[in-house]
Amino acid sequence: MPEQNNPLLCNPENGICEMPANNTISNDSISEKSKSKPVKIIYFTDPICSSCWGIEPQLRKLKLEYGSEIEIEYRMGGLLPDWSYNSGGISKPSDVAHHWDEVSLYYDMPIDGDVWLEDPLHSSYPPSIAFKAAQMQDQEKAILFLREIREMVFLNKKNITKWEHIEAAGKKVGLDIVKLKSDFEGDAKILFEQDLKLGRELGVRGFPTMFFTNTKGQNEYVYGSKPYTTFESALLKLYPKASKTNYDKSWNNVFSKYHSLTANEFSELTNIPRNQSEKFLNDLISDDKLEKFTTKNGAIWILK
């Protein structure tokens with residue numbers, strides 16, 4: 001059997017967490033057209049995909065500037081089924097720790113790889129299924145839930161395969177926990193399998209992968225972590241008349257939209273230069289407006 005890519009060895013230069021698969025992405029097999037808005041984005045991701053965490057600044061900006069023109073459908077990709085992989089320099093959880101520390105610096109997004117030393121995850125399937133269970137209740141709360149479990153694993157070193165952490169994230173974003181558990185143990189598994197099946201049909205082999213499609217069925221895709229202009233260009237190619245929202249870039253408005261922001265995200269959303277954004281955020285802590293959570297590889301600021 002030929003050596004294949006390890007899914008957790010994400011390549012920061014091309015911005016991809018790639019699965020061991022040989023098929024290639026195909027736009028031709030996307031049959032679902034955009035219905036409610038001019039452009040639909042099918043976003044294949046995974047809760048523990050460090051490259052997906054790396055595009056949070058771009059994705060959040062895309063929603064603020066073009067939210068009226070796009071609908072985003074989140075699909076789970078199944079990055080780490082288990083630890084049967086043995087390639088790419090990563091054969092056990094502890095091998096991921098240093099790698100995550102490296103990509104954290106590359107993406108300028110806080111990631112603490114020590115979770116793989118202290119309480120390693122056996123798979124990304126349980127949190128993925130939990131996300132599908134959250135979607136069954138409320139699409140918007142599900143997106144908040146996904147962000148919450150990502151912050152848990154990347155910053156707080158929590159093993160998000162454990163129900164106690166899934167439950168805590170669900171409570172924080174206002175999900176019905178009894179229903180969440182019931183769906184997590186039931187129909188959410190079927191929905192997750194459907195996501196995996198669609199991913200295979202479309203040739204998805206890594207994350208993040210975004211398929212853009214318009215009302216005419218024309219397609220573009222963005223594969224991997226890319227600059228904001230790449231995502232914007234894909235949208236405008238399919239819908240040249242897209243109107244960019246000139247949203248309020250004040251700190252309080254941005255935090256009213258997203259209650260937690262890294263310095264990189266804050267810079268992207270406010271146009272405050274990155275070399276000034278951290279000081280700006282720290283000054284807001286002094287004014288008792290924000291709280292700060294610091295990791296060994298960066299920090300996140302949270303609205304009080």
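## A strand wrapped on both sides

A residue is called buried when its relative accessible area is under 20%, exposed when that value is over 50%, and partly exposed in between, using a 1.4 Å probe and the protein chains only. Helices and strands here are DSSP runs (H or I, at least four residues, for a helix; E, at least two, for a strand), numbered from the N terminus. The model you are looking at is predicted: local features need pLDDT of at least 70, side-chain atom pairs count only at pLDDT 80 or more, and totals for chains, interfaces and linings use all residues. Residues are numbered from 1 along each chain as its sequence is written, and side-chain values use heavy atoms, with hydrogens and water left out.

Let's start with strand S2, residues 39-45. Seven of its seven residues are buried, so S2 is largely enclosed by the rest of the structure. In a regular strand, side chains alternate between the two faces of the sheet. Both faces of S2 are covered: Val39, Ile41, Tyr43 and Thr45 are buried on one side, and Lys40, Ile42 and Phe44 on the other.

## Neighbours in the sheet

Two strands pair if DSSP finds at least two bridges between them. S2 pairs with S3 in the parallel sense, over seven bridges. S2 also runs antiparallel to strand S5 (residues 209-214), and six bridges join these two.

Elsewhere, strand S8 (residues 290-295) and S9 run antiparallel, joined by six bridges. A hairpin of two residues links S8 to S9, and Glu291 has Ile302 in S9 as its bridge partner.

## A covered helix and a buried serine

Helix H2 is mostly covered, with ten of its eleven residues buried. Among them are Glu56, Arg60, Lys61 and Glu65, as well as Leu59, Leu62 and Leu64.

Now find Ser124, in the loop between helix H4 (115-118) and H5. Ser124 counts as buried because its relative accessibility is 0%. Its side chain reaches the backbone nitrogen of Leu79 at 3.5 Å. Leaving aside neighbours within four places in sequence, Ser124 is in contact (heavy atoms within 4.5 Å) with Asp46, Ile48, Gly78, Leu79 and Leu80.

## Two pockets

Rolling a probe the size of a water molecule over the atoms shows where empty space is left. On a 1 Å grid over the protein atoms alone, with a 1.4 Å probe, a pocket is an open set of points with protein on both sides within 12 Å along at least five of seven lines; lining residues have an atom within 4 Å of a point. The volume is the space filled by probe spheres set on the points, which are joined across faces, edges and corners. The largest pocket holds about 560 Å³ of space. Its lining has 25 residues, and Lys63, Ile72, Tyr74, Glu140 and Ile143 lie nearest the centre. H2 (56-66), S3 (70-76), H5 (125-137) and H6 (139-154) each supply at least two lining residues, with the largest share, eight residues, coming from H6.

The second largest pocket has about 440 Å³ of space. Of its 18 lining residues, Glu148, Glu151, Lys172, His259 and Ser260 lie nearest the centre. H6 and S9 (298-303) each supply at least two residues here, and H6 gives the most, with five.

Terms used
Polar contact = N/O pair within 3.5 Å; in protein donor to acceptor, adjacent residues only side chain to side chain.
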